Structures are given as C-alpha cells and as structure tokens.
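Here's a quick tour of one structure, a couple of spots at a time. Have a look at it first, then read on.

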Amino acid sequence: MNEDKLIITDMGESNEHKHSDKPVLCLGIESSCDETSAAIVDSDKNILSHIIYSQIPEHQKYGGVVPELAARAHILAIDEVIKLTLERANKTINDIDVIAATAGPGLIGGVLVGWMAATGIANATKKPLVAVNHLEGHALVPRLKSTSASDSATNIDVEFPYLLMLASGGHCQILLVHNVGKYELIGQTLDDSAGEAFDKIAKMLGLGYPGGPIVDKRAQSGNPTRFLFPRPLCDKPGCDFSFSGIKTAARMLLDKTDNSVIDETFINDFCASFQSAVVDCITNRLTNALKDKRVKDTNPKTLVVAGGVAKNSAIRSGMEKLANKFNMLFAAPPMSLCTDNGAMIAWAGIENYNIGNIVKEPIAPRPRWPLTEL
Ligand code: KG4
Ligand code: ZN
C-alpha cells in the first residue's frame, strides 16, 4: 500500500455532549467506489480513528474509476487500512461492539471486498454485523456532527424528519428522511447525477478527475454570468432533475469556440457559469419540494445536503439561503465526511444497531439498492 495516498482524518475528535456510560463502538468499512476506508466511531458521536486510502491517483489517467482496478486495489489495501484504524484508536478488535460495512449500492467488486472482510471479522469474533446501504451512510452522517468544525452548518443537531438533498457521483435525489431506514423519494435525476455533470464538464475542459473539486475551485475566480447555460426542468412543476442538457450545451459551446480563445479566464468563467446553472437547478427543485404536500405535512425542521457534491461551496450557500427563506435550519457534514468515507458507514452502523437492524443470515451485496428498499 502506498502510504502517500493515506488520508488520516478526524483523529481523536471528541464530542463534549457525552450522555451514556459505556458508548457502543463500531468499526465501519467502506469500499464501494475508489476509497478504501475504515473508521471507529462511538455512539456518543466521537470519531476515534478514521483512515481513507484514496485510489484517485490510480484512476486519474483513465479519467474515471475503472471498476476492476478499483476492486484489486481494495483487496491490496483493506487489511492494512483496518489494522491501522484499530491501532490509531488504540483498540483491538475485542474492544469493538459492532462491525458495519457497505453492502451496496456501488461497484460490486469493491463492495464484495469490504463486505467479505467485515463478514470474516464478525464471524471470527462473533460480533454483530450491520449491512449498511452506502446512500444511508451519506444520508445519516449529518447527524454525526463534528465539534471541531468551524462551519456552523456542521454543528446543527439534525433531528428526524429532515429534507435531504443527496448529491454524489452516482446519485441525485431529494428525500424526506423520516427515520433510520425510512426514506421517501420526493425527486430524482432523470439522467446524470450532479457529480457526474461536474466530472463530465471537467473532462471536456481537460481539467482532470474527479471534476467536482476542480470546477468548484475554478468557479471561485470566474464570472458566473458570462455564459448562459440552460436550467433544465426549472420552468416545470415537480422535483426531478435533468443535467444532461447542461452538458450538451457545454459541449456545443466548446465545439463552436476557437481554441485560441480558451485561456484561464475562459475556463474559470465556463466553470462558474456551469456551476451557477447547477445551483439554480438544485434550489429550484428544492423550492418545489418544500411546497410539496408530502413535505409540508411532514414539516421537516432542517434542510440537509450530503454526498460528495455537498462539498461545493456555492451549493452549500445556495441551500443555506433557501433554508433561511423557509425558516428552516441548514445542515451539512464537515468537508471530510461528504465524499466517501468509513466514518459515515460506522455511524450508519450504530444507528441501525440501535434499532436492532443487524444481519441474521448471510446476505448478498447489491450493486443497486435504492434507499426506498431498506
Ligand atoms: O459521494 P461521493 O464521494 O461518491 C459517490 O458515492 O458517488 O461523490 C463523489 C462526487 C464526484 O462526482 C465529485 O466530482 C463530486 O462528488 N465532488 C464535488 C466536489 N467535491 C466532490 N462536486 C462539486 N463540488 C465539489 N467541491
Ligand atoms: Zn458515496
């Protein structure tokens, strides 16, 4: 394992609001895409250790994740990542109360690696095992608030029910989160996810992979009004998204632009204009969601964003303004817990363990596993 690619985050972070005498300790494992990650989290919301082994450099030259390469890299890294996670928390496997791992959705080769590791550990130690839905990891992690974070949105106590914008590389959905395991789909993308749109725009501009963070950074020095990208579906009722039209408009604009004009300013303005279209789509669809009868009847107090795209500063601030307009709180995970990570799986493991949702007989991991089928 290449030590340069290890990200050690939130080490020894402690939460002041302790309430139980002996908190439940969960080892969580994530391997559904291009991060091999493990974390130890307790039921008092402390992250005792958190290791993320990022494979991004391995996939960069292909412009996206290559599933077979990812699966092989997970196999090489998983044992060491779990061992390091225990060591950094100063724990042995005997100290752990629950094992949790992503059992889908995701790239099945990678999911299998983490799931088999977790199953092996749970069987050998006779400890309870939780099969975590990766999307539920993203959906529940805003409840694992981080006391060390400076951003106020990460310090909110997120209580059920809440309205969630789940935006990652693979998914783009508006969900009413009623409780652990109880999700109601309010809207979703009809084509690309928001993360995919960011990645494709970056690829078109030759900016590299993953595109989201690069486009976000470029957009900060760009003019969002220089190019007018479409806002698909924004003149229509409902809460669904469509991003492929923005992508096509971007492609057409680039095709008719002379290469000599494409300088740093052009790229920054292009990124800012694209990002502004995405923010408008998200706030437009969320506005409709907040007026939707199902949402109004449920009366969520908090508007929440989660998933890799939740790292985007413009999306965070657009959603914060919207929450203020509707007299709601706004919450987001700390930056380190937006993209794929083991801590969100450990936390979802604890939330599921608390309601008795543990594996009772062998299960098959699922490449597709909607949140509405928990
Ligand atoms: O949740 P995640 O780590 O993986 C999936 O479960 O899909 O999300 C990864 C996605 C990628 O598409 C990446 O480009 C996007 O999140 N992303 C961002 C930002 N950081 C990561 N998108 C927009 N702005 C960002 N700052
Ligand atoms: Zn994810």
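## H2 and H3

In this predicted model, helix H2 (residues 67-88) and helix H3 (residues 108-125) are roughly parallel (an angle under 35 degrees), because their axes cross at roughly 30°. Those axes come within 8 Å; they are lines fitted to C-alpha atoms over the stretch in contact, with angles running from 0 to 180 degrees between N-to-C directions. Helices here are DSSP runs of H or I with at least four residues, numbered from the N terminus.

## The zinc site

Zinc (ligand 2) is held by His 134 (NE2), His 138 (NE2) and Asp 340 (OD), at 2.0 to 2.1 Å. Donors are N, O and S atoms within 2.8 Å of the metal (3.2 Å for Na, K and Ca); water is not among the atoms, so sites may look incomplete.

His 134 and His 138 sit four residues apart in helix H4 (residues 134-140), so about one helical turn separates them.

## H7 and H8

Helix H7 (residues 244-255) and helix H8 (residues 264-291) pack at about 160°, axes 11 Å apart. That makes them roughly antiparallel (over 145 degrees).

## Reading notes

Residues count from 1 along each chain as written, and chains are lettered from A and ligands numbered from 1 in written order. Local features need pLDDT of at least 70 and side-chain atom pairs 80 or more, while totals for chains, interfaces and linings use all residues; side-chain values use heavy atoms, leaving out hydrogens and water.

Note on methods. Helices (H or I, at least four residues) and strands (E, at least two) are DSSP runs, numbered from the N terminus. Angles under 35 degrees count as roughly parallel, over 145 as roughly antiparallel, 65 to 115 as roughly perpendicular and the rest as oblique.
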